[in-house]
Amino acid sequence: MTSAHPMRVVSDGPQGFQATVRALDLGAADVVELTCSPAEVRRPLPLIRAQDPGLYSVVFPLRGRLVVDQVGRRAELGERDLAVYDSGRPLRVRITAEERPARLVRAQVPRTLVAHPEQADRVLAVPLSGRSGVAALLTEYLVRLTTDSGAYRPADAPRLGGITVDLLNAVIAHHAAMETADGLPQRALLPRIKEYVWRHLHDPELSPRSIAAAHHISVSHLHRLFQSQGIAVSSWIRRLRLERARRDLGDPALDAVPIHRIATRWGFNDHATFTRAFRAAYGLAPSDHRRRALESAPNRTS
């Protein structure tokens with residue numbers, strides 16, 4: 001499969017691996033439709049050590065079948081069944097088809113934009129039906145994206161990328177909740193807290209104290225929950241806010257919105273504090289990031 005990270009392809013046919021790719025770069029996500037001959041795609045540990053861009057991907061066949069192996073699980077996928085996989089784990093994908101080439105769709109997003117990585121990990125290589133419910137919204141959306149790609153303007157890309165991220169997050173949260181429905185309440189507490197944080201990112205009063213109060217636990221207990229995941233509450237919130245602000249600053253549709261208003265939208269009341277945090281995270285000022293992003297937007301008109 002075409003990807004931002006190296007993979008090995010082993011072809012079944014005497015003509016070798018043949019593929020046609022239609023790709024959409026949406027900024028926050030990229031989507032491809034791949035028509036290809038039967039093959040096995042492998043991402044072993046040496047390739048991961050050489051390069052891991054930090055991506056979660058979702059893939060489903062429109063024709064043919066896929067078998068996705070990761071973390072000791074196997075997802076056998078028919079038409080519109082989907083599976084999630086992680087670029088940082090060894091992976092094997094088997095692509096099969098009969099009379100006609102296989103046809104599949106794959107979308108990938110950065111780990112930093114996945115709201116609950118621990119939920120994503122619970123559904124890696126788990127077969128999920130994309131023919132009904134929340135997952136059907138994602139598969140139908142991705143199919144329409146690839147089918148109607150010529151109808152979109154360059155300025156649409158950031159918004160479409162954001163929708164892709166949000167739909168993938170919804171699928172992961174929905175199916176992870178089903179996977180852990182019989183778990184202990186304590187196991188479900190951290191996902192609920194993270195969902196609360198995502199819903200209140202815009203609130204400048206969001207803090208460890210307010211989060212703990214909303215969930216009827218102590219602040220120290222909150223910190224212990226996050227320490228078990230190797231992250232600190234405040235730094236995680238700041239990273240999410242900065243990433244959302246960075247995405248908005250690169251959106252041509254928002255180029256008339258003042259930077260301080262975008263910062264306020266994501267919980268930064270003090271512009272100087274936002275600017276320092278943004279520069280520390282990304283190596284340049286918000287205004288410089290906006291200028292570069294807008295200048296590099298394809299077919300930008302003045």
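**The sheet and its edge**

Tutor: Strand β8 (residues 81–86) pairs with β11 in the antiparallel sense over two bridges; strands count as paired if DSSP finds at least two bridges between them. Helices (H or I, at least four residues) and strands (E, at least two) are DSSP runs, numbered from the N terminus. L128 in β11 is the bridge partner of L82. The model is predicted, so local features need pLDDT of at least 70 and side-chain atom pairs count only at pLDDT 80 or more, while totals for chains, interfaces and linings use all residues. Residues are numbered from 1 along each chain as its sequence is written, and side-chain values use heavy atoms, with hydrogens and water left out.

The pairing belongs to an open sheet of six strands, antiparallel, in the order β2-β3-β10-β5-β8-β11. Its edge strands, β2 (19–25) and β11 (128–129), each pair on one side only. Helix α3 (residues 133–147) packs on this sheet and touches β2, β3 (30–36), β5 (55–63), β8, β10 (102–110) and β11; contact means heavy atoms within 4.5 Å. The direction of α3 makes about 75 degrees with that of β5, where axes are lines fitted to C-alpha atoms, for helices over the stretch in contact, and angles run from 0 to 180 degrees between N-to-C directions.

In the helical region, H215 is found in the loop between α6 (208–214) and α7 (219–227). H215 has a relative accessible area of 16% and is therefore buried (under 20% relative accessible area; exposed is over 50%, partly exposed in between; 1.4 Å probe, protein chains only). Apart from neighbours within four places in sequence, H215 is in contact with L189, R192, I193 and Y196.
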